[in-house]
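Work through the exercises below with the sequence and the structure side by side. Each task is followed by its solution in steps.

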Amino acid sequence: MADVEYLKSLLGVHPNWPKKGVTFLDIFPLLRDPIAFETLVTHLVHHITSHTIPQTGKKIDVIVGLDARGFLLGPIIALRLGAAFVPVRKKGKLPGQCSSAEYVKEYGTDSFEMQAGSIKPGSNVIVVDDLIATGGSAKAAGELVKAQGGQTLEYVFIVGLPFLNGQDKLDAPIYTVVNAED
């Protein structure tokens, strides 16, 4: 897959950030390069249309994007698929009635919210974010989808950290463009 190697070559690599012993993979160089950004979006849409939809036999009704980097890809993917886009935000950032789900982070807990009625019961959903690490935030998003009667068909990420086993917490398969080495 030449496009994956191309995208991987453009990721920023920041050793010892945000703390010693951690190597951070930065997606922002992909977004600054219009060809790379288009390649990324096209790759993700192609995966969904050639793999996810045929494998599940279901149309995608909603793309859920996680605060904040899921907002960069989610709306574009939704438009290309003819699906709705629904944001999942940190607590207190959305107006109106919201449902919430807590998740554990390495230094405590946080909470995500989704506006009530954003997902119609029976909707087929894909959750999009930039990275899966421990899986806590993606799991919380999946809980919000399920609470509204939706079914998460897949979780889609740019970067995966499979050695942290975050995928084991999720209720649907995952797809990552690039997997980082431990």
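**Exercise 1. The whole chain**

What percentage of the 182 residues in the protein do buried residues make up?

Solution. The model is predicted: local features need pLDDT of at least 70, side-chain atom pairs count only at pLDDT 80 or more, and totals for chains, interfaces and linings use all residues. Residues are numbered from 1 along each chain as its sequence is written, and side-chain values use heavy atoms, with hydrogens and water left out.

- Step 1. Buried means under 20% relative accessible area, exposed over 50%, and partly exposed in between, with a 1.4 Å probe and protein chains only. By this rule, buried residues make up 44% of the 182.
- Step 2. The C-alpha trace spans about 40 × 40 × 30 Å along its principal axes.
- Step 3. The radius of gyration is 16 Å, in agreement with the value near 16 Å for a compact globule of 182 residues. The radius is taken over C-alpha atoms, and the globule rule is 2.2 Å times the number of residues to the power 0.38.
- Step 4. A contact means heavy atoms within 4.5 Å. Of the contacts with a separation of 6 or more, 56% are between residues 24 or more positions apart.

**Exercise 2. Secondary structure**

How many helices and how many strands does the protein have?

Solution. Helices (H or I, at least four residues) and strands (E, at least two) are DSSP runs, numbered from the N terminus. There are five helices and nine strands. Along the sequence they follow the pattern α-β-β-α-α-β-α-β-β-β-β-α-β-β.

**Exercise 3. Helix H3**

Solution. 

- Step 1. Asp33, in the loop between H2 and H3, caps the N-terminal end of H3, with a side-chain oxygen 2.9 Å from the backbone nitrogen of Ile35. A polar contact is a pair of N or O atoms within 3.5 Å; within protein, one must be able to donate a hydrogen and the other to accept it, and residues adjacent in sequence count only if both atoms are side-chain atoms.
- Step 2. Asp33 is partly exposed because its relative accessibility is 25%. Beyond its neighbours within four places in sequence, Asp33 is in contact with Tyr6 and Leu10. Leu10 is 23 residues from Asp33 in sequence and 9.2 Å from it in space, C-alpha to C-alpha.
- Step 3. H3 covers residues 34-56 and reaches 31 Å from its first C-alpha to its last, close to the expected 33 Å. The expected span is 1.5 Å times one less than the number of residues.
- Step 4. A kink of about 30° is centred on Ile48. The bend is the angle between axes fitted to the seven residues ending at a residue and the seven starting there.
- Step 5. The buried residues of H3 include Leu40, Val41, Leu44, Val45 and Ile48. Residues three or four places apart in an α-helix point the same way, because there are 3.6 residues a turn. The cover of the buried residues includes helices H1, H2 and H4 and strands E7, E8 and E9.
- Step 6. Gly57 follows H3, with a positive phi near 70°.

**Exercise 4. Backbone in the loops**

Which peptide bond ending at Pro18 is cis, and where does Asn16 lie?

Solution. 

- Step 1. The bond from Trp17 to Pro18 is cis, with omega near 10°. Pro18 is in the loop between E1 and E2.
- Step 2. Asn16 is in the loop between E1 and E2. Its phi is positive, near 60°, although the residue is not glycine.
- Step 3. The bond from Asp67 to Ala68 is also cis, with omega near 0°.
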